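Hi everyone, thanks for coming. Please take a minute with the picture, and then I'll walk you through it.

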Amino acid sequence: MSLAPLTGDRAEAPDPVRIRVVAAGAAVVTVGAGLGLRAVTAGSVAKYGGDALYTVLLLTLVVLLVPRWTPLRAAGTALAVSWAVEFFQLSPVPAELSRDSVAARLVLGSTFNAPDLFWYAIGAAGGWGLHTAMVRRRRVTAGPPPAGETPHT
């Protein structure tokens with residue numbers, strides 16, 4: 001599926017609505033992958049795979065909110081948010097909220113774990129790679145940008 005439709009010889013700018021639809025679909029697939037991972041694995045594989053997928057999910061949400069951002073900016077933002085949430089766990093607030101709410105536990109976690117920072121970076125790198133591939137695929141399908149326009153990267 002091309003994200004940038006063709007009109008004659010001229011490629012149109014990427015449609016934010018179509019990008020958001022793809023990002024929403026990717027978010028659903030990512031949540032499914034995380035649930036599937038937890039269902040078939042345990043221990044470190046489930047924990048750290050879930051950490052990586054957490055950042056991938058954040059990346060899809062960033063693209064959903066800001067569809068024209070570059071893959072690097074979206075991945076960097078997702079990584080920064082993941083790290084911020086992890087460092088927030090150094091305070092007692094996430095643990096307190098997690099005791100009373102499953103949603104808070106899923107979003108904020110409860111205890112700081114330094115190796116999580118590495119796995120968030122792995123998730124951001126993987127998500128960046130997939131997002132970059134999608135943008136390149138869209139560019140190849142759509143053709144070169146019109147004269148005077150810069151390509152979306």
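**A short tour of the model**

Buried means a relative accessible area under 20%, exposed means over 50%, and partly exposed is in between, with a 1.4 Å probe and protein chains only as cover. Please keep in mind that this is a predicted model, in which local features need pLDDT of at least 70 and side-chain atom pairs count only at pLDDT 80 or more, while totals for chains, interfaces and linings use all residues. Residues are numbered from 1 along each chain as its sequence is written, and side-chain values use heavy atoms, with hydrogens and water left out.

Now the overall layout. The protein has 6 helices and 2 strands, and starting at the N terminus the order is β-β-α-α-α-α-α-α. Helices here are DSSP runs of H or I with at least four residues, strands are runs of E with at least two, and both are numbered from the N terminus.

Contact means heavy atoms within 4.5 Å. Taking contacts between residues at least 6 apart in sequence, 62% join residues at least 24 apart.

Let's look at helix α3 next. Its 18 residues should span 26 Å at 1.5 Å a residue, and the end C-alpha atoms are 25 Å apart, which agrees. The expected span is 1.5 Å times one less than the number of residues. Which residues of α3 are buried? They are P71, A74, A75, A78, L79, S82, V85 and E86. These residues cover an arc of only 130 degrees around the axis, so they sit on the same side of α3. The arc is taken from the directions from the helix axis to the C-beta atoms.

L72 is also in helix α3, but L72 is exposed, with a relative accessible area of 60%. Along the chain L72 and G127 are 55 residues apart, and their C-alpha atoms are separated by 9.5 Å. L72 and H131 are 59 residues apart in sequence, with 8.8 Å from C-alpha to C-alpha.

That brings us to H131, which is in helix α6, residues 115-142. Is H131 buried or exposed? With a relative accessible area of 12%, H131 is buried. Leaving aside neighbours within four places in sequence, H131 is in contact with L59, V63, W69, T70, P71 and A74.

W83, F87 and L90 make a nonpolar patch of about 310 Å². Patches are built from residues with over 30% relative accessible area and no salt bridge; like charges are joined within 9 Å, and nonpolar side chains (Val, Leu, Ile, Met, Phe, Trp, Tyr) within 5 Å. L90 is in the loop between α3 (71-88) and α4 (93-100), and L90 is exposed at 57% relative accessible area.

Finally, the charged side chains. How many salt bridges does the structure hold? There are 2, where a salt bridge is a side-chain nitrogen of Lys or Arg within 4 Å of a carboxyl oxygen of Asp or Glu. One of them pairs K47 with D51, with the closest N and O atoms 3.3 Å apart. K47 and D51 are 4 residues apart in helix α2 (residues 43-65), so about one helical turn separates them. K47 is partly exposed at 30% relative accessibility, whereas D51 is buried at 9%.

K47 also forms a salt bridge with D116, where the closest N and O atoms are 2.8 Å apart. This pair links distant parts of the chain, since K47 is in helix α2 and D116 in helix α6, 69 residues apart. D116 is buried, at 3% relative accessibility. Through shared partners, the salt bridges join K47, D51 and D116 into one network.

Terms used. Accessible areas come from the Shrake-Rupley method with a 1.4 Å probe; for residues, only the protein chains shown count as cover.
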